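Welcome! Please take a look at the model below, and then we will walk through it together, one topic at a time.

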Protein chains: 6
Amino acid sequence: MTTDTYYANGNEVQLFEQAYHQRLPVMLTGPTGCGKTRLVEHMGALLRRPVVTISCHDDLTSSDLVGRFMVTGGDVVWTDGPLTRAVKAGAICYLDEVVEARHDSLAVLHSLTDHRRTLYLDRAGEVVQAPETFMLVCSYNPAYRSSLKELKPSFRQRFVTLPMAYLPPDREAEVIVAEAGIDLAVARRLVACATAIRTADEAFHFEPPSTRVLVTAAHLVAAGATELDAAEACILAPLSTDGAVTDGLREVAVASLAGADSSSRP
Amino acid sequence: MTTDTYYANGNEVQLFEQAYHQRLPVMLTGPTGCGKTRLVEHMGALLRRPVVTISCHDDLTSSDLVGRFMVTGGDVVWTDGPLTRAVKAGAICYLDEVVEARHDSLAVLHSLTDHRRTLYLDRAGEVVQAPETFMLVCSYNPAYRSSLKELKPSFRQRFVTLPMAYLPPDREAEVIVAEAGIDLAVARRLVACATAIRTADEAFHFEPPSTRVLVTAAHLVAAGATELDAAEACILAPLSTDGAVTDGLREVAVASLAGADSSSRP
Amino acid sequence: MTTDTYYANGNEVQLFEQAYHQRLPVMLTGPTGCGKTRLVEHMGALLRRPVVTISCHDDLTSSDLVGRFMVTGGDVVWTDGPLTRAVKAGAICYLDEVVEARHDSLAVLHSLTDHRRTLYLDRAGEVVQAPETFMLVCSYNPAYRSSLKELKPSFRQRFVTLPMAYLPPDREAEVIVAEAGIDLAVARRLVACATAIRTADEAFHFEPPSTRVLVTAAHLVAAGATELDAAEACILAPLSTDGAVTDGLREVAVASLAGADSSSRP
Amino acid sequence: MTTDTYYANGNEVQLFEQAYHQRLPVMLTGPTGCGKTRLVEHMGALLRRPVVTISCHDDLTSSDLVGRFMVTGGDVVWTDGPLTRAVKAGAICYLDEVVEARHDSLAVLHSLTDHRRTLYLDRAGEVVQAPETFMLVCSYNPAYRSSLKELKPSFRQRFVTLPMAYLPPDREAEVIVAEAGIDLAVARRLVACATAIRTADEAFHFEPPSTRVLVTAAHLVAAGATELDAAEACILAPLSTDGAVTDGLREVAVASLAGADSSSRP
Amino acid sequence: MTTDTYYANGNEVQLFEQAYHQRLPVMLTGPTGCGKTRLVEHMGALLRRPVVTISCHDDLTSSDLVGRFMVTGGDVVWTDGPLTRAVKAGAICYLDEVVEARHDSLAVLHSLTDHRRTLYLDRAGEVVQAPETFMLVCSYNPAYRSSLKELKPSFRQRFVTLPMAYLPPDREAEVIVAEAGIDLAVARRLVACATAIRTADEAFHFEPPSTRVLVTAAHLVAAGATELDAAEACILAPLSTDGAVTDGLREVAVASLAGADSSSRP
Amino acid sequence: MTTDTYYANGNEVQLFEQAYHQRLPVMLTGPTGCGKTRLVEHMGALLRRPVVTISCHDDLTSSDLVGRFMVTGGDVVWTDGPLTRAVKAGAICYLDEVVEARHDSLAVLHSLTDHRRTLYLDRAGEVVQAPETFMLVCSYNPAYRSSLKELKPSFRQRFVTLPMAYLPPDREAEVIVAEAGIDLAVARRLVACATAIRTADEAFHFEPPSTRVLVTAAHLVAAGATELDAAEACILAPLSTDGAVTDGLREVAVASLAGADSSSRP
C-alpha cells in the first residue's frame, strides 16, 4: 500500500501551510476515511516536520498528554508525554478524533492555542514555550450523529477549521487504482456501488462507506474474491446488522455493480 | 472432545485467507456458539500462525492490551501486553466479543487496522511496525439485542466483515455425532428440538440454543442421562427462568423429541 | 448443626455427577436457602474433590478471581487467586450468587467453560490447562425479581443447568428435626406456618421464607423461645418492615401454628 | 452521662441471649435513638464478650471489614480488619446501620451467617472458623423512608430479627431523669412535647424525635436553658428547615409543654 | 479587617456555651454570610479552645478526617487527620458546610456525637476517647435550595441546632461601619439596597446578598469606587448572569441607593 | 503577536486595582475571547505581581491546586501545588474557566476569599497566611448556556465581580490592525462580518465569533489567504457543523464582506 500519497480535494493544502506559517492551530473536520490523517502526514512531509499522532479516547488523561512522574531506581522522575515531546521537538502534534477525549484533558491545550503558545506542566512545575515550528492539529467527524459528545464552541474557535469531504467519483476511482492495483473498470464499479449506498444511506442514517472501504474491497478483489463478495464483506456488512436493511442495501449494490462497465468482471 | 475440527458453512475460509494475504483485519459476526472461535483456531492452524486470544470485557483497559510498567527489583520496567506480544510475534490476535470492550481501549487498534499497521505504545515511547504475518481478528454477536453497546460505524469499516450463521440441520447433526460420539438418530432428535425452539423463539426474543448446547446435551446423553433430562438441563433451562415460558418451551421440546426417529431412545 | 447432610429433591445428584464425568460446568438455580450450597458441599464429598467457594459481589474483579501481582521483598510476584488455585488443584470451584458479579469479571470463565477448559492469565502471561477433575459450578436465584442484573443468555448456555426447589412439607419437617433436634410436631407447625406464608406471599411479592429460616426458628425454640416468638423473629420479621403487611402475615402465622398438631407446644 | 444502663422494652434481651447460645446472628431494627446500640453494649456486658463496633457507610469496602495487605519494612504483610479481629477474638461484632453498606461488602458475611460460621479471606488465602463465642449483630432503621437502599431479602433471612421501638412515655421520662438528672416534671413535659410531635409527624413524614434528643434537651435545661429554648434547639430545629413546618411544630411544642405539670418550670 | 469581632443576634452565644459545658455537639444553620464561621471563632476565643476548621466537600474522605497510613523512610506510619488531631487536643472541631460532605465520611462522627464521645480509627486499630474540652460543631445553609443533598434526619438529631439569621438593618449598618471604616450614611444606603433586593429576591429564588457582600462593597467604596459601581460589582453581579434579571435588580438598587440619606455620596 | 497590549472597555482596570488594594478577590465574567485572560496579564504587569495561571477542568483535584505528597529518595515529601506557590509568593493566582472545576476542589478557596485570607493544607498539617500582595482572580463565561454546571451563589458572593464584553466595532478593528498588521479596511470588513453573524446568531443560539477569531482570520489574510477563505476557516466553520446553518451564515458573511469598504481586497 502506498502510504505517502495524498489526493487533494480543494485548497486545504494551501490553508494548512498558511496557518503553519502564522503559527495557528488547525482543526480538520469531515467523514470517516475522507483523508484527514493522510493530509496531516502529507503536510508533515511537505513542511519537513515530524508528526506525533495521538488517538483520542474517553480515557485519555492530561497526564497521558503532558507526562507524569514515574519511579526509577527508587526515585520519582518526570517523564514527558507525547504532547510535551512534540512541543519540545517543534513537531506537528496530531490529535486524532479529538471529540472523543475528555474535556478536562483538552484544557491543557488552551495555552498552546492562543497567543501564549505555552504548555504549563503544573505537576512538574515547568513552563514550556513552543518553538516556531510547533503546530497543533486536531480532527473529528461532525457527521457522526450518534456521538453524545460535542466540542465546546470556545474550543472550536481556537482553530483554523478546514472542512474536508469525499473525492468526486472519478478522482476516487483513480485513487483506488493507485492504491490497490486493480483495473479502472472494477474501481469504477466499486465507486458506483458506494455512491449508490451513500445516496440511499440518507434514509438510513448510517455512516456512509468511505474511500478506505473501497480500497479494502479492491484489495480483496486483487486477492481473488468476486466483486460481490468483496462488496458484501467490505462495504455492506459493516453498515448494519439488521437483516432487512442489509437486504435492501444488497439490492442497491448488485444493481450498481451491474449497471456500470462490466468488462473486467472476474 | 475434538478441538481442532472446523465445519465450514460458506466461503468464510477463503475470504479469511484472502484478507490474511492482503494484510487486512477481519471481523466475525454471528450468534453465540455458531463457530467463530473455532474458525479462528482453524485458520491459525491452516496459516501456521499462533493465535493469541483476548476475551473482551467492560474493564479491559488499553494497558491490558498493550502493556504496562511494572516494578521489578525496585525499578519500573515495561511489560508487553498480549496485543503487543501478538504484533511482535506476527501472530493472529483474536479479540473475542469486542463489543464488550470499552471504546477507549479500542482506540489503540486504529493505527493497526489502516495502512499504517503500526502499534503506538505512547506510555513506553515505542512504535512497533507489524510484520507481514500479523493479523487482527475481532468477533461479536450482533443478534444479542439487549446489549446497550454498539461498535462505532467508523470502527466497523476498518474490517473485512464475515457474517456467520448456524449450520443446516443435517450438518449440525453430523457435528454432534463427531463431537459427542452418540447415535445419529439421537443427534437428529436434539437438532429437531433446537430447530423447533429456534423457530418458536422468535416470539420470545430469547437467545436461541446454539450448536454448543446441543453438543453439551449429547455429552450428558452419552453419560447416561435421558434425552429429555439432557434437553431440559442444557437446552431449555438456560433459555429462561420464567416458569410459564419454560413450560411452553418444554411442550415444544417433548413434541419435537418424540416426532423424530426414536429408534435409539434409551 | 450437622454440616454434611444433603437432602435430595430430584435427580440433581445424578445429573451433577454425569456433568462432572463429562467435564461440563454446572449452573444451580433456585430460591434462597433451598440447598444449593449444600448440594455443592455434598457433591465435593461424594466425588472426593475439594470445594473452593467464592461469594460473588459487585466489587469482585477478575484479579480477585485469577490473581494479581504483589510486592514481596521489593519485587513484584504473581499470586494465584482462588479460581486459579482451584483450576491447578483440580478442585470444584463454586461461584455463589454469580449474578451479582460484574460481567467483566465473568469473561475469564469463558475459556474454562467451552472445549478449551483453559484459564488465560493475561497479566501473568500464563496459560493453565484445567485437569480432568476440575469442575466449575455457579449458582443464582432467578426468583429474586428486584435484581437489576441478568446473566447474559450466551453465558447461561455454557452450563448444564439444574433448577432446584424447596422440599415437600413432610421432607422439610424431617430436615428441621434432623438439624435442630426438636419434636416433629413443632417442626410440622413451623413448616405449616412457612407454607401458609409462601402461598400468601404471592400477593406480596416478597422473597418467601426458606428452609434455612425454619431451622433457625427451630433452634430458638430448642433454646427456650415460644413458637410464636421464634416464628416472629425468624420467619415474619425478615419478610417486611411495613407494619400493615407484617400484621397480616402474623395472623396467617398464628392461625397456621394453631391449626396444626399442638401436642408439644411449650 | 451513664453509659452502661439499658432500659428493656420487651423480651429482646431474652431472645438475644437465646440466639447467642444457638450461635445465630441477630438483626436489630427500629427508629433512630430507640436504644439499638445500647442493647448491644448491654448484651456484651451481660454475656461477658467484647463488642467490636463498625459504623457502616457507602464507602466501606470488604477490605475495611476483613483486612488488607500493607507495606511494612519494604514487605507486604496482611493486617486483619475489625471483622476478622472480632471473629478471631470470639467477640460480638456489631455492624451499625448495615443498610448503608455497599452490598458487595456484605457478601463476606454470608459464610459467617449460615451453618459454616466461617470467614474466607480470599486475598490472604486464609480460612477462619468462628469460635463458639463469636456473634454477629447488625442494625438498621427501616422507618427511614427516604433511603434508596434496601437489604436483600435473602440477606435479612440470615438473621434472627428483633424489632425495637420507643419506650412508653412513663418509662421514657424515667430514663431522661436517670440520664440528665432533671426533675421528673420537666422530663414529663419534654416527653409530652415529643409525643405530640411524633403523632403530628405522621402527616409530615419526618423522622420523629428520639429518646436521645429528649435526653439532650434535658441536659441543656440542666445547664440553665429554658425548656422552650432547649426544645427548640434539640427537638424542633433538627426536624425540618422549612419555616412553615417549623412554625406549626412550635405551636404543638408550646401547647404540650404548657399542658403538662408546670411546677418546676424555671 | 477586624477578624475577632462577633455581632450577636439572639441567645446563640449562651446556648453554644451551655452545649459546650454539657459536652453536646452543635449544628449551626442559616444563610450564607450570616456569621456562622465568626460565631465559632468567637466561641473558641471565649471558651479558650483552639478551633480546627475543615471545609467539607464532595471529595472529603473519612481518611481526610481521621488520618491515613503514609510511607516514611520505607515504612508505613499512621498520620492523624485534622479531626483526630482536634479530638486529641480537646479542641473545637468545625465542619463548615457539612451538607457538602459525602455521607459515608460523616459516619465516623456517630460515635463522637452520642454518649460514647469516642473516635474509632478502624484502619489504625486505635480507639480515642474525647477529652471533656473537645467539641464538635457543624454548619450548613438550609436555604440553599438547589442543593441535591440533604443531611439524614438521624444525623441532624445528634446535634443541638442553633438557627442563625441576618442582623436587623441598623445593627447590620453598624457592622459595616466597624468593618470597613466608611460613613454610617453610606453603610445605611448599602443596607437599604440589600434589603430591597432581599425582598425582591423572593420572586427570583436567588441566594440573597449577605452581610459579607455589603462589607466588600463598603471596602471598594473606601478605596474610591462610587457607591453604584461598588453595589454593581459586589451586590448585583454575583446574583445572576441573566441580563433581564440584572437590569430589574439594578433599578431596585439605584432606587434604594437614591432613596436613602445621600449626604456622603462621593 | 503583541502579547502585552490590553484594550480597556470600561472601568474594569480601576475596579480591579481597587479590589487589589483592599485585598479582595475578583471574578471576571464574559464571552469567550473578550479579553479576560489579557486583563489579568495586564494587571499583573501594572501591579508588578507575577501571575500564576491554572486552567480549570473536571478533573482538577484540590491536590492539583494545593499540592501533594510525593516519593523522593524512598521518602514521602510534600510538594506545593500552583495555588500554594502563588499564595506563598504573594502572586496573582488566576483560575481560568473556574466553572469547569469540580466544586469540591473549590472548597479550598473559601478561607482564602474571606477575612481569613488563609490556606489550610489539611493533608500537610500546614496553615499558610496569604501576604498582602496575594490576589485571587477567577473567570468564567456565563453566556455559555449548554454548560451543565453552575457556580454556587455563595461562592459567587465571595468575589468582586467585573462583567466584561466585546469592544465596540471601531475599537475592535483597531485591535485587529494592531495585532495582525493588516489594512484597516480589511479589519473593518472582518468586524462587519462578525457583527452581522453576532446579530444573526441570536436566532441560532451558537457562541458568537470572538475578537480572537477575527485576529486569527486577519493573520491568514496577512499570509495570503483571501478574505472569504479566511472568514470561512476562522469565523464560519467553527460555528456549526450543520450544513444548512453554515450556508445561511455564509450568505451573511459574503454580504457583509462585500457591503463594507473593499479598497484593499486582495
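## A word to start with

A residue counts as buried when its relative accessible area is under 20%, as exposed when that value is over 50%, and as partly exposed in between. Arg23(B) has a relative accessibility of 29%, so it counts as partly exposed. Keep in mind as you read that this is a predicted model.

## Two residues with a positive phi

Let us stay with Arg23(B) for a moment. Its phi angle is positive, about 55°, although Arg23(B) is not a glycine. Where in chain B does Arg23(B) lie? You will find Arg23(B) in the loop that runs between helix 1 (12-21) and strand 1 (26-29) of chain B.

Glu97(F) is another residue to look up. Glu97(F) is not a glycine, yet it has a positive phi of about 55°. Its place is the loop between strand 5 (92-96) and helix 5 (103-106) of chain F. Is Glu97(F) buried or exposed? With a relative accessible area of 17%, which is under the 20% cut-off, Glu97(F) is buried.

## How the copies are related

Now step back and look at whole chains.

Why can we say that chains B and C meet through different surfaces? Only 2% of the interface residues of chain B are also interface residues in chain C, so the two copies do not present matching surfaces to each other.

## Where chain B meets chain C

The size of an interface is often given as the accessible area lost when the parts come together. For chain B and chain C, about 3400 Å² is buried between them, and 55% of this area is on carbon and sulfur atoms. In terms of residues, 46 from chain B are in contact with 33 from chain C. How many salt bridges cross the interface of chain B and chain C? The rule finds zero. It does find eight residue pairs in polar contact across the interface of chain B and chain C, with both residues at pLDDT 80 or more.

Several elements of chain B each supply at least two residues to the side that touches chain C, including helix 2 (36-47), strand 2 (51-55), strand 3 (67-72) and helix 4 (82-89). Helix 10 (211-222) and helix 11 (227-236) of chain B are also among them. Which of these elements gives the most? Helix 10 of chain B does, with six residues. Sorted by kind, the residues on the side of chain B that touches chain C are 19 nonpolar, 15 polar and 12 charged.

## Salt bridges within the chains

Over all chains, a search of the whole structure finds 66 salt bridges. One pair to look up is Arg171(A) and Glu174(A), whose closest N and O atoms are 3.6 Å apart. These two residues are three residues apart in helix 8 (residues 169-180) of chain A, so about one helical turn separates them. Arg171(A) counts as partly exposed at 28% relative accessibility, and Glu174(A) counts as partly exposed at 42%.

In chain D, a salt bridge joins the side chains of Arg189(D) and Glu227(D), at 2.5 Å from N to O. This pair links distant parts of the chain: Arg189(D) is in helix 8 (residues 184-204) of chain D and Glu227(D) is in helix 10 (residues 227-236) of chain D, 38 residues apart. Arg189(D) is buried, at 0% relative accessibility, and Glu227(D) is buried, at 3%.

Asp114(E) counts as buried at 9% relative accessibility, and Arg116(E) counts as buried at 7%. Back in chain A, Asp80(A), Lys88(A) and Glu126(A) are joined into one network by salt bridges that share partners.

How values were computed
Residues are numbered from 1 along each chain as its sequence is written. Chains are lettered from A and ligands numbered from 1 in the order in which they are written. This is a predicted model: local features need pLDDT of at least 70, side-chain atom pairs count only at pLDDT 80 or more; totals for chains, interfaces and linings use all residues. Side-chain values use heavy atoms; hydrogens and water are left out. Contact means heavy atoms within 4.5 Å. Buried area is the accessible area (1.4 Å probe) that two parts lose on being put together, summed over both. A salt bridge is a side-chain nitrogen of Lys or Arg within 4 Å of a carboxyl oxygen of Asp or Glu. A polar contact is a pair of N or O atoms within 3.5 Å; within protein, one must be able to donate a hydrogen and the other to accept it, and residues adjacent in sequence count only if both atoms are side-chain atoms. Helices (H or I, at least four residues) and strands (E, at least two) are DSSP runs, numbered from the N terminus. Ala, Val, Leu, Ile, Met, Phe, Trp, Tyr, Cys and Pro count as nonpolar, Asp, Glu, Lys and Arg as charged, and the others, Gly among them, as polar. Buried means under 20% relative accessible area, exposed over 50%, partly exposed in between (1.4 Å probe, protein chains only).
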